[in-house]
Every structure is written in C-alpha cells, then in structure tokens.
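The following exercises are intended for a reader who is meeting this structure for the first time. Each task is followed by a worked solution.

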Amino acid sequence: MRSGIVRAVTVVAVIAAAMIPPAAWSQPKKLVFWTHWEQYPRPEYNLVTAAAVVSVLPILTVFLVCQRWIVRGVVLSGLKG
C-alpha cells in the first residue's frame, strides 16, 4: 500500500512540474504566484503565537475545570468486551 501512495505522490509531482515551463523556474519573478508576493507584509510571529495561546486558554480552562466529568463520561461510554 505504501508504494502505491509514493507512486501517486510522484505522479502528481511530475504532472505539476510539467505544467510550469522550465523557463519560469530560471526566472522566478515570472511565476504568477510570485508577482505580487512582496506587497504583503511578513507576519509578526510573536503576535501570532500570542494570539494562538490566548485562543486556547478558554478551552483549556473549561477542560481543566470539568476534567472529572469528561473522564467519567468517557469511561462510562466505553465499549464492553
């Protein structure tokens, strides 16, 4: 099965490479997705990381407060062998 996945990924990569002319690879500024790339500002990773942490805090708080009932529900709903 694994060789089938590798073969499929290889086929997709070859088709994708064939769709972009080799001349475009030697001059990356001529690629369509590159033309306006410089106009977007680079993300400030410290702010993105802080936003990710702040967005996880409410979920983590609810889990820690209700952990006893969550675990009990998982244990009681387990399949009987």
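**Exercise 1.** Which backbone oxygen does the side chain of S77 reach? State also where S77 lies and whether S77 is buried or exposed.

*Solution.* The model under study is predicted.
Step 1: The side chain of S77 reaches the backbone oxygen of V74, at 3.2 Å.
Step 2: S77 belongs to the segment that follows helix 4.
Step 3: The relative accessible area of S77 is 54%. Exposed means over 50%, so S77 is classed as exposed.

**Exercise 2.** Determine how many helices and strands the protein chain has, and describe its surface.

*Solution.* 
Step 1: The protein chain holds four helices and zero strands. Read from the N terminus, the order of its elements is α-α-α-α.
Step 2: The chain has 81 residues, of which 2% count as buried.

**Exercise 3.** Identify which residues make the nonpolar surface patch and which helix gives the largest share of it.

*Solution.* 
Step 1: The patch covers about 790 Å² and is made by V53, V54, V56, L57, L60, F63, L64, I70 and V74.
Step 2: At least two patch residues come from each of helix 3 (45-65) and helix 4 (67-76).
Step 3: Helix 3 gives the largest share, with seven residues.
Step 4: V54, one of the patch residues, is found in helix 3. V54 counts as exposed because its relative accessibility is 54%, and the cut-off is over 50%.

**Exercise 4.** How many aromatic pairs does a search of the whole structure find, and which residue lies over the face of W69?

*Solution.* 
Step 1: The search of the whole structure gives zero aromatic pairs.
Step 2: R68 lies over the face of W69, 5.2 Å from the ring centre.

Note on methods:
Residues numbered from 1 in each chain as written. Predicted model: local features only at pLDDT ≥ 70, side-chain atom pairs only at ≥ 80, totals over all residues. Heavy atoms only, no water. Patch = residues over 30% accessible without salt bridge, like charges linked within 9 Å, V, L, I, M, F, W, Y side chains within 5 Å. Areas by Shrake-Rupley, 256 points an atom, 1.4 Å probe, with all protein chains shown as cover. Salt bridge = Lys/Arg side-chain N within 4 Å of Asp/Glu carboxyl O. Buried < 20%, exposed > 50% of the residue type's maximum accessible area, 1.4 Å probe, protein only. Polar contact = N/O pair within 3.5 Å; in protein donor to acceptor, adjacent residues only side chain to side chain. Phe/Tyr/Trp six-rings, centres within 6.5 Å; stacked < 30°, edge-to-face > 60°. Lys NZ or Arg CZ within 6 Å of the ring centre and 35° of its normal.
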